[in-house]
Amino acid sequence: MSLTMAMSVPVSAAPNYSDTALPNKAIGYTSYADTLYRDKKDNSSHYVYNQSEVDFVIHSLAQPDDSDQTVNGSAIVPAGTKRLIRNTVKEHGYSSCKLRIKSRKYPTSVSCKGYWSPDSVGSYPTAN
């Protein structure tokens, strides 16, 4: 009986914490890279691992209107670090989001490298 009940839980209800590579695109202070939209399953923070040589400035944008759901307006993820980005995607009724990533340093243009997930598990410092 308990096996049947466990199997009846929809897979879509599980948190979406699998990592996806950030877009391999040049970013700068005025140029950005957007990730693809991903489903947001819970009200946890986003996870970001910045493997670039510069600090990232990140915004969490909700689908379909690209409204900024980043707590405090933006998040700074230092180069070479793993951070959580607080957001209000689920709290405001959205079900998917993407990240918009820029370099914090002007006028540098570098390759965007790293990973992200819409939902998080684990304990990392917050970026915002």
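A salt bridge here is a side-chain nitrogen of Lys or Arg within 4 Å of a carboxyl oxygen of Asp or Glu. The model is predicted: local features need pLDDT of at least 70, side-chain atom pairs count only at pLDDT 80 or more, and totals for chains, interfaces and linings use all residues. Residues are numbered from 1 along each chain as its sequence is written, and side-chain values use heavy atoms, with hydrogens and water left out.

**View 1. Salt bridges on D34.**
The side chains of D34 and K98 form a salt bridge, 3.0 Å from N to O. D34 lies in strand β3 (residues 32-34) and K98 in strand β10, so the pair ties together parts 64 residues apart in sequence. Strands, at least two residues of DSSP type E, and helices, at least four of type H or I, are DSSP runs numbered from the N terminus. K98 is buried at 8% relative accessibility. D34 is partly exposed, at 25%. Buried means under 20% relative accessible area, exposed over 50%, and partly exposed in between (1.4 Å probe, protein chains only). D34 also meets R100 in a salt bridge, 2.8 Å from N to O. This pair links distant parts of the chain: R100 in strand β10 and D34 in strand β3, 66 residues apart. R100 is partly exposed, with 21% relative accessibility.

**View 2. A salt bridge between D119 and K40.**
D119 and K40 form a salt bridge, with the closest N and O atoms 2.7 Å apart. D119 lies in the segment after β12 and K40 in the loop between β4 (38-39) and β5, so the pair ties together parts 79 residues apart in sequence. D119 is buried at 0% relative accessibility. K40 is buried too, at 1%. Elsewhere, salt bridges that share partners join D34, D66, K98 and R100 into one network. The whole structure holds eight salt bridges.

**View 3. The open sheet of four strands.**
The strand order is β1-β12-β5-β9, with antiparallel pairing. β1 (20-21) and β9 (82-85) stand at the edges with a single partner strand each, so one side of each has no neighbour in the sheet. Two strands pair if DSSP finds at least two bridges between them. Strand β5 (residues 46-50) and β9 are antiparallel and share four bridges. Y49 has K82 in β9 as its bridge partner. The charged end of K82 also sits over the ring of Y49, 5.0 Å from its centre. For this, NZ of Lys or CZ of Arg must be within 6 Å of the ring centre and within 35 degrees of the ring normal. R38 has its charged end over the ring of W116, 5.5 Å from the centre.

**View 4. The aromatic pair.**
Rings of Phe, Tyr and Trp (its six-membered ring) pair if their centres lie within 6.5 Å; planes under 30 degrees apart count as stacked, over 60 as edge-to-face and the rest as tilted. One aromatic pair is found by this rule. Y47 and Y124 form this tilted pair, 5.3 Å centre to centre with 50 degrees between the planes. Y47 lies in strand β5 and Y124 in the segment after β12 (114-117), so the pair ties together parts 77 residues apart in sequence. Y47 is buried, with 9% relative accessibility. Y124 is partly exposed, with 31%.

**View 5. Strand β6 and its partners.**
Strand β6 (residues 56-62) is mostly covered, with six of its seven residues buried. Seven bridges join β6 to the antiparallel strand β10 (residues 96-103). S60 has L99 as its bridge partner in β10. Strand β8 (residues 75-77) is also antiparallel to β6, over three bridges. There, F56 stands opposite V77. Two bridges pair β6 with strand β7 (residues 67-68) in the antiparallel sense. A62 stands opposite S67 in β7. The hairpin of β6 and β7 has four residues between the strands, and D66 takes a positive phi near 55 degrees.

**View 6. The whole protein, for orientation.**
The protein has one helix and twelve strands. Buried residues account for 39% of the 128 residues. Of the contacts (heavy atoms within 4.5 Å) between residues at least 6 apart in sequence, 80% join residues at least 24 apart.
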